[in-house]
Amino acid sequence: MIVLERESSNKMIMLEILMRRLDEEDMDYEYFRNQYKTIKYGYEGEMHVDREWEEIIIPSKYYLFHNFETENEVKHSHQIDTIFASQNFILLLEIKNIGGRINFDQKKHQFMRTRLDGTKDGYSNPVNQIERHVRFFKRIFMKWEIALPIEYAIILTQPSTVIGDTPNNAAIFHVSGLQTYVYNLFAKYQKNQISPHKLEILKNYLLAIRKRKIWDPKIDKNKLRKGVLCKACNYKSVMRFEHGNFICPMCKAKNKDALYEALYDYRHLHSEWITNYDLRNYLNIGSRFAVKRLVSNLNLEYEGIRKDRKYRIPDNILTFIEKRT
């Protein structure tokens, strides 16, 4: 059973918004664009691994947590690509979408990638990363008196990646080996190590401590374009509000739903709460009555009265588009 579906990280969401809102001529655009490409590339690799679980036949009760984020006792972040929790064992996965030839230097705790042209790149050592997660889970298990074996693996998603030197005590393999690896673990731990009740306790505790990391792009937000952006023009044009519609001055497209994406951006960049004045300023609409009609149609939660009224932009604002279609 999948408890947590794979979701975009807060950083990936913020970078997507910056790509829409920053002028392409801005000096920061290329910097954030490169970050976005790297994160999106990794996310696509994780989705590829997720599909492998669909073919694995699990012989006992289990829970899958994708992209699990939390904090430890000293408020340091733990981001685990996938957690597989069963009555037999728990498996933590670190997923890497990296090409070329990779080598792990166990003594120096170094992870290197050599490209086809011979250039080398250094990365954070995923073995150290996932062993840190293992220690965190051991503390959780001690707290809840859960006697469950902890296994981990590092998965490479590109078939062309050549796996060179690796530590003897770490499972590092291509995604095609995941099914066999899981079946071998069930052969190793044939008996249930904990009861269904204990597994349920673990699931509920993990959900209770889940905390997504918030990423601050450290950018002057005055540089970001306001308004409703035209998706048909790849967000290059700011739409005008005319007679209840948002109209693109370039391609003449009309789109009421583009408002939802603009509110989504505002929620992540500024605040989940917005006033009539802030909406007029953000959407480039002069009439407070026109904005009042807009938010009335959206049926948003609100607080306060008259000039002090503010509206809450829900986290799922983009699903409003689906309801309209």
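**Note on the predicted model**

1. In helix 6, the buried residues are Ala 258, Leu 259, Tyr 260, Glu 261, Ala 262, Leu 263, Tyr 264, Asp 265, Tyr 266, Arg 267, His 268 and Leu 269. That is twelve of the twelve residues of the helix, so helix 6 is mostly covered. The model is predicted, and this applies to every point below. The length of helix 6 is consistent with its residue count: twelve residues, 258–269, should span 16 Å at 1.5 Å a residue, and the end C-alpha atoms lie 17 Å apart, which agrees.

2. Helix 2 covers residues 29–52, which makes 24 residues. From first to last C-alpha helix 2 reaches 35 Å, close to the 34 Å expected at 1.5 Å a residue. Its buried residues are Tyr 29, Phe 32, Gln 35, Tyr 36, Tyr 43, Gly 45, Glu 46, Val 49, Asp 50 and Glu 52.

3. The lining counts 35 residues, of which Thr 38, Ile 39, Glu 46, Gln 79 and Lys 96 are the closest to the centre. Glu 46 is also among the buried residues of helix 2. At least two lining residues come from each of helix 1, helix 2, strand 2, strand 3, strand 4, strand 6 and helix 3 (126–144).

4. An open sheet is formed by four strands in the order 7-6-5-9, with mixed pairing. Strand 7 and strand 9 (162–163) are the edge strands; each has a single partner strand, so one side of each has no neighbour in the sheet. Strands of a sheet pair through backbone hydrogen bonds, in either parallel or antiparallel fashion.

5. Within this sheet, strand 5 (residues 101–105) and strand 6 (residues 110–114) run antiparallel and are joined by five bridges. Arg 101 stands opposite Thr 114 of strand 6, and Asp 105 has Gln 110 of strand 6 as its bridge partner. Four residues lie between the two strands of this hairpin, where His 109 takes a positive phi near 55°.

6. The next pair is also antiparallel: strand 6 and strand 7 (residues 120–123) are joined by four bridges. Thr 114 faces Lys 120 of strand 7; Thr 114 is also the residue opposite Arg 101. This hairpin has five residues between its strands, and Gly 118 there takes a positive phi near 95°.

7. Two further positive phi values deserve a look. Lys 218 has phi near 55°, positive in a residue other than glycine, and Asn 234 likewise has a positive phi near 55° without being a glycine. Where is Lys 218 found? Lys 218 belongs to the loop between helix 5 (196–209) and strand 11 (240–242). Asn 234 lies in the loop between helix 5 and strand 11 as well. Lys 218 is exposed, with 69% relative accessibility, and Asn 234 is exposed at 52%.

8. How many disulfides does the count give? The count comes to zero. The cysteine sulfur closest to that of Cys 233 belongs to Cys 251, at 3.4 Å, which is too far for a bond because the cut-off is 2.5 Å. Seen from Cys 251, the closest cysteine sulfur is in Cys 233, again at 3.4 Å and too far for a bond. Cys 233 is buried, with a relative accessible area of 14%, whereas Cys 251 is partly exposed, at 36%.

9. Is Glu 151 buried or exposed? Glu 151 counts as buried because its relative accessibility is 13%, under the 20% limit. Leaving out residues up to four places away in sequence, Glu 151 touches Ile 90, Leu 91, Leu 92, Tyr 181, Leu 185, Lys 188 and Tyr 189.

Notes:
Residues are numbered from 1 along each chain as its sequence is written. This is a predicted model: local features need pLDDT of at least 70, side-chain atom pairs count only at pLDDT 80 or more; totals for chains, interfaces and linings use all residues. Side-chain values use heavy atoms; hydrogens and water are left out. The expected span of a helix is 1.5 Å times one less than its number of residues. Buried means under 20% relative accessible area, exposed over 50%, partly exposed in between (1.4 Å probe, protein chains only). Two strands pair if DSSP finds at least two bridges between them. Contact means heavy atoms within 4.5 Å. On a 1 Å grid over the protein atoms alone, a cavity is a set of points where a 1.4 Å probe fits but cannot get out, and a pocket is an open set with protein on both sides within 12 Å along at least five of seven lines; lining residues have an atom within 4 Å of a point.
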